[in-house]
Structure formats: C-alpha cells, structure tokens
Amino acid sequence: MVTFDLTDPGAIVAAAAEILQCFGCVDILVNNAGISYRGTVMDTTVDVDKRVMETNYFGPVALTKVEYLSKPLPLSSALLPSMIKRRQGHIVAISSIQGKISIPFRSACQHILAENSQSESSRETQLSEYSNAASKHATQAFFDCLRAEMEQYEIEVTVISPGYIHTNLSINAITADGSRYGVMDKTTAQGRSPVEVAQDILAAVGKKKKDVILADVLPSLAIYLRTLAPGLFFSLMASRARKEQKSKNI
Ligand SMILES: NC(=O)C1=CN([C@@H]2O[C@H](COP(=O)(O)OP(=O)(O)OC[C@H]3O[C@@H](n4cnc5c(N)ncnc54)[C@H](OP(=O)(O)O)[C@@H]3O)[C@@H](O)[C@H]2O)C=CC1
Ligand SMILES: CCCCCCCCCCCCCCCC(=O)OCC(=O)COP(=O)(O)O
C-alpha cells in the first residue's frame, strides 16, 4: 500500500511515480479522500478555508494530473498522460450533494456526541458548511471540464455526489480555528451504509456513468429547485439560516 498526504504536492508526485513503477498503469483512480468542516464564515480563518480546499480540491486535482509539467518527472510517470497514452482509464471523483447545492446552517442541530466532553458540547453552535460546499463545487467543475477534454482519449470521468453516509466524516471535520470537530452528527450517524454506497459507486463505474447522485428524494429535489427556481431556493436557504441563527444564537 502506498500512503501519502494529499496536501503535500511532493508526496503526491512521489506516490504516483511509485504506483506506476510497481503496476505499470492505473485502471481506475478514485479520488475519495476528503475532510469536512464546521464553522461560520465570519469566524473561520482563511488558513482553514485553504486547508479544506487543499484536501478536497487541489489534492485530487494534483493527484489526477500529477504534475503534468513537473520537470524532474518523465511524462510517462504521470497518471493522466499514462492513461492518455493507453487510451484507457477511468477517473472517479467523490464529491457531495454539497457540490451541487450550498446549504447554510444545517437543520440537524442535534448531535450524538462522540465523547461527552465540555469542549465538544460547546461546538454545537458551529454548523455552517460553506467551505465543504465550496471545495465540492470546485471539484464538480474541474472534473466536468476534464470529462469533456478526455472524451477524445476514451478516458471516463465519473463524479459521484452522495448524501449523508455513516462514516467518521463529521468526527474528523475541522472547525473555524482548525481544531478537530470530534462529534458524530446525527445526520452522519443516520447516513447510508458506506458498503452500500461503495457498491453503488462500483456499479456506476461499471456502467460508465458520468454524473451520479446518491441521495434521498429531498436533496435531489433541492438540486432541481436550485436550477429551475433559484430565487425560491435562495429564500428557503436564507430562512433556514435565520432560523438556525436565532435558535442557536450564532
Ligand atoms: N460521510 C458523508 O456523509 C459524505 C462523505 N462524502 C465524501 O466522501 C469522501 C470520504 O469521506 P468519508 O469516508 O465519509 O470520511 P472519513 O473522515 O471517514 O474518511 C476520510 C478519508 O480521507 C482520508 N484523508 C483525509 N485527509 C487526507 C489527506 N490530507 N491525505 C490523504 N488522505 C486524507 C482519510 O485518511 P486517514 O484516515 O488516513 O486520515 C480517510 O481515509 C470524502 O471526499 C467526503 O467529502 C461525500 C458526501 C457525504
Ligand atoms: C420541490 C421541493 C424541494 C424542496 C427543497 C427544500 C430544501 C431542502 C434542502 C435539503 C438539503 C439537503 C442537504 C444534504 C447535504 C448532504 O447530503 O451533504 C452530504 C455531505 O457532504 C455531508 O457532509 P457533512 O460534513 O455536511 O456531514
């Protein structure tokens, strides 16, 4: 197994070169790693915004291209050029429903606390998700562009937009000051089984699907509402933010 930190460009280049050296090619690249975030726009440092973008956006972008133009690395050691050369390959991006719609303070304010510590309880007021949404919107945009450019080389690009999944995502989320959130949110705890989601992703890759939403009816409808009646969608979100701010005194 080759492990590396997605926020370290040098490590990404080295890992891709090692993988290509060991296996000769990559058939399917699944850009899955990511972090989430809890905080308000006003409280969050730009360093935290950058950390989320580096992990969720620049990491997958760098891994996919793997320094196409990097001088010390021969072109054959880069993932995308090696796929182009073979005219074969499949790139998957695990985005999110939040790559299609941006929600402010989420309605689910109740949490299942991972541990019942005072510091964790005090974090219950920080529920905005803008940084996660921004990084996932960027991910969707990048891989949509890549899909169009790669069609001529017969390379597939699939963007997956899941709703909540029962993983450690909220526990591992970072907060406005960069510290770990450490809370299992109710929405996450009630999310789909990761095994089932993985099976759906595998099926989507097998069918060469281009864009897949793996979510309940409401989030799926919300995406259509955002497109067809943006004014109404924005009003709903603003009302949601107002209610949350009032109830949580943010
Ligand atoms: N859970 C959910 O509700 C949803 C999740 N998603 C997306 O699914 C993907 C997987 O997240 P999920 O399994 O839920 O969350 P987890 O927090 O359980 O897992 C995140 C994974 O990403 C890896 N990771 C995080 N940062 C880095 C980094 N800098 N370098 C390398 N690896 C890193 C972690 O590795 P390690 O353990 O070594 O730190 C871990 O394997 C993410 O892209 C997330 O945005 C999308 C929609 C909903
Ligand atoms: C025609 C009627 C439509 C009515 C629409 C009303 C608006 C409903 C809003 C629904 C919002 C759903 C948000 C789902 C968010 C989601 O699934 O995110 C997945 C994640 O990325 C989870 O990460 P997180 O860190 O947020 O736990």
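**Ligand shells and fold**

Reply: By class, the shell around ligand 1 holds eight nonpolar, 11 polar and one charged residues. This is a predicted model, and 20 residues surround ligand 1 in it, the closest being Leu6, Ala33, Gly34, Thr167 and Leu169.

Me: How many nonpolar, polar and charged residues does the shell around ligand 2 have?

Reply: Ligand 2 is surrounded by 22 residues, of which Ser36, Ser96, Ile97, Gly163 and Leu221 are the closest. Sorted by class, this shell has 12 nonpolar, eight polar and two charged residues.

Me: Which helix gives the most to the shell around ligand 2?

Reply: The elements that contribute two or more residues to that shell are helix H6 (169-172), helix H7 (186-189) and helix H9 (217-228). With five residues, the element that gives the most is H9.

Me: How many of the 12 residues of H9 are buried?

Reply: H9 reaches 16 Å from its first C-alpha to its last, close to the 16 Å expected at 1.5 Å a residue. Across the protein, buried residues make up 32% of the 250 residues. H9 itself is hardly covered, and its count of buried residues is one.

Me: Which residues have the most contacts inside the largest nonpolar core?

Reply: This core has 29 residues, and H1, H2, H3, E3, H5, strand E5 (156-162) and helix H8 (194-206) each supply at least two of its residues. Apart from it lies another core, of nine residues, among them Ile35, Ala173, Tyr181 and Val183. In the largest core, the residues with the most contacts are Ile12, Ala16, Val66, Leu79, Val92 and Ile160.

Me: Leaving aside neighbours within four places in sequence, which residues is Ile160 in contact with?

Reply: Among contacts in the protein between residues at least 6 apart in sequence, 76% join residues at least 24 apart. For Ile160, once its neighbours within four places in sequence are left aside, the contacts are Val92, Ala93, Ile94, Ser95, Ile201, Ala204, Val212 and Leu214.

Me: Is Gln199 buried or exposed?

Reply: Gln199 is found in helix H8, and its C-alpha atom is separated by 27 Å from that of Arg86, 113 residues apart along the chain. Because Gln199 has 11 C-beta neighbours inside 10 Å, the residue counts as exposed.

Me: Why does Arg87 count as exposed?

Reply: Arg87 has its place in the loop between H3 and E3, and its phi is near 50°, a positive value in a residue other than glycine. Arg87 counts as exposed because its number of C-beta neighbours inside 10 Å is 10.

Me: Is Glu154 buried or exposed?

Reply: Glu154 lies in the loop between H5 and E5, where its phi is near 65°, a positive value in a residue other than glycine. Because Glu154 has 12 C-beta neighbours inside 10 Å, the residue counts as exposed.

Methods. Residues are numbered from 1 along each chain as its sequence is written. Chains are lettered from A and ligands numbered from 1 in the order in which they are written. This is a predicted model: local features need pLDDT of at least 70, side-chain atom pairs count only at pLDDT 80 or more; totals for chains, interfaces and linings use all residues. A residue is near a molecule or strand if its C-beta atom, placed from the backbone, lies within 6 Å of it. Helices (H or I, at least four residues) and strands (E, at least two) are DSSP runs, numbered from the N terminus. Ala, Val, Leu, Ile, Met, Phe, Trp, Tyr, Cys and Pro count as nonpolar, Asp, Glu, Lys and Arg as charged, and the others, Gly among them, as polar. A nonpolar core is a set of buried Ala, Val, Leu, Ile, Met, Phe, Trp, Tyr and Cys residues joined through C-beta atoms within 7 Å. A residue is buried if 20 or more other C-beta atoms lie within 10 Å of its own, exposed if 12 or fewer, and partly exposed in between; C-beta atoms are placed from the backbone. Two residues are in contact if their C-beta atoms, placed from the backbone, lie within 7 Å. The expected span of a helix is 1.5 Å times one less than its number of residues.
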